[in-house]
Amino acid sequence: MKKEQSTKFLKLCLADALLKMMESNSYDSININAICKQAGVGRTTYYRYFDKKNSKEDLLVFKIIYEWKAYTERHKEEAQQDSGIVNLRFVYENRKIFRLMYKNGLITALMKAFNQMSELPREKSSSYLRAFFVYGYFGVFYQWIEYDFDETPEQIQQHIKDTILQGLKEKEKQL
């Protein structure tokens, strides 16, 4: 268990270093050496956990998922009643990360993170329904990021409810 904790700690140090650097540098201009130096971690350690191809994106996805798991654990009771608002509040409270990723065009990494955050079943039989909800919610989050989080999580949740109700009313008219 201690090794697992150490691994998480190292990955978080690397992710935090990358995010700190993204505040003043473009994502593309940041190299692995700079991240390792900022984090105080050797390159060998870095490559023990990440491959070369998508390693920076994987760091950011790891950070989001780690923070999301910690957040949902702290809000377990609330999540059992309304996981939607808990997810919205998580995004809002971590909007700095999401802004940096959006600003740097890391949409695929954001989508990957949202997909991993979903607790919907992963069986093939429910994969289309899962994709519908995951990417539908991602679209809402993406729009919210584009508007620079100008509304509260509660307001966004109300937009979602209103949209669903409007769709149901339109469906009733057709029947």
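Analyst: The average for the chain is 91, and 99% of the residues score at least 70. Where pLDDT is low, the predicted coordinates should not be read in detail. This is a predicted model, in which local features need pLDDT of at least 70 and side-chain atom pairs count only at pLDDT 80 or more, while totals for chains, interfaces and linings use all residues. Residues are numbered from 1 along each chain as its sequence is written, and side-chain values use heavy atoms, with hydrogens and water left out.

The chain has ten helices and zero strands; helices (H or I, at least four residues) and strands (E, at least two) are DSSP runs, numbered from the N terminus. Along the principal axes, the C-alpha atoms fill a box of roughly 65 × 35 × 30 Å. Of the 175 residues, 37% are buried, that is, under 20% relative accessible area, with exposed meaning over 50% and partly exposed in between (1.4 Å probe, protein chains only).

The requested part is formed by helix 9 (residues 127-146) and helix 10 (residues 153-174), which pack at an angle of about 135° with their axes 12 Å apart. Helix 9 is therefore oblique to helix 10: angles under 35 degrees count as roughly parallel, over 145 as roughly antiparallel, 65 to 115 as roughly perpendicular and the rest as oblique. Axes are lines fitted to C-alpha atoms, for helices over the stretch in contact, and angles run from 0 to 180 degrees between N-to-C directions.

From helix 9, Tyr137, Val140 and Trp144 meet Pro153, Ile156 and Ile160 of helix 10, where contact means heavy atoms within 4.5 Å. By class, this contact has six nonpolar residues, no polar and no charged ones; Ala, Val, Leu, Ile, Met, Phe, Trp, Tyr, Cys and Pro count as nonpolar, Asp, Glu, Lys and Arg as charged, and the others, Gly among them, as polar.

Elsewhere, lysine 11 lies in helix 1 (residues 2-22). Because its relative accessibility is 18%, lysine 11 counts as buried. Not counting residues up to four places away in sequence, lysine 11 touches Tyr49, Phe50, Leu59 and Phe62.

Definitions and conventions: pLDDT is the predictor's confidence in each residue, from 0 to 100.
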